[in-house]
Amino acid sequence: IIMEILFETIEKPYFIDDLKKNTLGTIKIALLREVTGNLIIRSNYPDETITFKAGENKDIVEIPARKLKSREKLLGLKICREFNVINSEFRYNVIKNRNQLGNPNSILFGDSVTESNDAVGITSRAIYDWAYSIRDVDEITGTLQHNALSEGGTMWNEEEGKLRQSLFQVQYIKPGTLFPHFITVENVIPELFIHLLSCILFENRYGAQSTTLSSNMKNHILGFGLSKFEQPVNSYGISANWDSSVPVTFGNVKESITKAMKTYYGENNYKDAQNIILLIKDLWQREDKKELQAIYTKAKTDCIKFLKDIKVCK
């Protein structure tokens with residue numbers, strides 16, 4: 001029943017039945033990422049948000065793909081542990097031998113052996129776009145000053161008898177900011193596609209200081225573009241072509257993404273995601289997880305077979 005609902009939205013030819021196959025056909029996932037709490041995106045400078053100059057008078061916030069993918073890949077690892085389909089010694093970015101690569105998360109997101117001489121790399125089947133804001137950086141960011149307080153809860157240095165100087169500032173993206181985003185998927189079995197959607201739907205904490213900040217982003221999966229070839233729809237295009245006279249609201253940005261997808265993929269090949277999203281949420285809300293367990297067990301079996309077929313594992 002699960003696969004029947006999936007295939008009603010995305011036809012079978014856009015999936016493969018053998019991970020060794022390398023065929024034409026891509027699925028582009030259209031998302032709208034909504035910031036719901038303070039989001040810190042930084043790189044070279046510890047106190048500044050990453051920005052990109054999109055024209056003479058527009059400076060927008062830029063989120064590198066890795067900063068989105070890494071969080072969703074880490075959640076995927078935890079999900080695989082939940083269903084016991086990954087080596088118990090596997091640690092994120094610390095892979096000791098090639099046999100540990102035989103799991104749904106590594107085959108979907110890509111991985112490589114890091115601690116052996118015969119390093120093996122598995123390429124990603126989920127290609128992440130960089131995300132760009134619609135509005136100018138000055139409109140959507142603020143600055144926080146942090147104080148390193150003493151045990152007494154003040155800035156007073158009891159030993160030296162003067163104020164402590166341990167202050168620092170950090171720029172953050174404000175709640176309510178919207179980021180169009182796209183992920184292109186190719187050569188996946190249906191089980192890996194369900195795994196990817198679960199990772200996107202249920203991850204909600206991104207950026208720096210993620211161990212101290214609570215959830216700060218909600219991911220809305222809008223639809224899927226289906227084509228033999230990937231189409232040039234991306235986050236920068238949505239932002240750069242935005243009509244400044246149109247208010248930047250959730251509804252307007254969603255409409256802009258949908259219009260762009262239908263322009264490139266056609267009305268018939270852009271599919272609404274809601275039925276699949278409801279299905280996945282329902283599977284996770286059930287007390288009995290036997291159907292999800294079956295999906296992940298099948299995925300693991302296929303992943304191990306793939307590694308054997310390409311002679312990575314015996």
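## Packing of helices α1 and α5

In this predicted model, helix α1 (residues 2-9) packs against helix α5 (residues 190-202) at an angle of about 80°, and their axes lie 11 Å apart. Axes are lines fitted to C-alpha atoms, for helices over the stretch in contact, and angles run from 0 to 180 degrees between N-to-C directions. The two helices are therefore roughly perpendicular to each other; this class covers 65 to 115 degrees, with under 35 counted as roughly parallel, over 145 as roughly antiparallel and the rest as oblique.

From α1, Ile 2, Met 3, Leu 6 and Phe 7 meet Pro 190, Glu 191, Phe 193 and Ile 194 of α5, where contact means heavy atoms within 4.5 Å. The residues of this contact comprise seven nonpolar, no polar and one charged (Ala, Val, Leu, Ile, Met, Phe, Trp, Tyr, Cys and Pro count as nonpolar, Asp, Glu, Lys and Arg as charged, and the others, Gly among them, as polar).

## Helix α5

Helix α5 has 13 residues and reaches 19 Å from its first C-alpha to its last, close to the 18 Å expected at 1.5 Å a residue; the expected span is 1.5 Å times one less than the number of residues. Of its 13 residues, 12 are buried (under 20% relative accessible area, with exposed over 50% and partly exposed in between; 1.4 Å probe, protein chains only). Among them are Glu 191, His 195 and Ser 198.

## Nonpolar cores

A nonpolar core is a set of buried Ala, Val, Leu, Ile, Met, Phe, Trp, Tyr and Cys residues joined through side-chain atoms within 4.5 Å. The largest has 73 residues, and Ile 29, Phe 193, Ile 221 and Phe 224 have the most contacts inside it. Its largest share, eight residues, comes from α5. A second, separate core of 15 residues includes Leu 178, Ile 257, Ala 260 and Tyr 270.

Leaving aside neighbours within four places in sequence, Phe 193 is in contact with Leu 6, Ile 10, Phe 15, Ile 27, Ile 29, Val 185, Val 188 and Phe 224.

## Overall composition

The protein contains nine helices and 14 strands, assigned as DSSP runs (helices H or I, at least four residues; strands E, at least two) and numbered from the N terminus. Buried residues make up 48% of its 314 residues.

## Basis of the values

Residues are numbered from 1 along each chain as its sequence is written, and side-chain values use heavy atoms, leaving out hydrogens and water. Local features need pLDDT of at least 70 and side-chain atom pairs count only at pLDDT 80 or more, whereas totals for chains, interfaces and linings use all residues.
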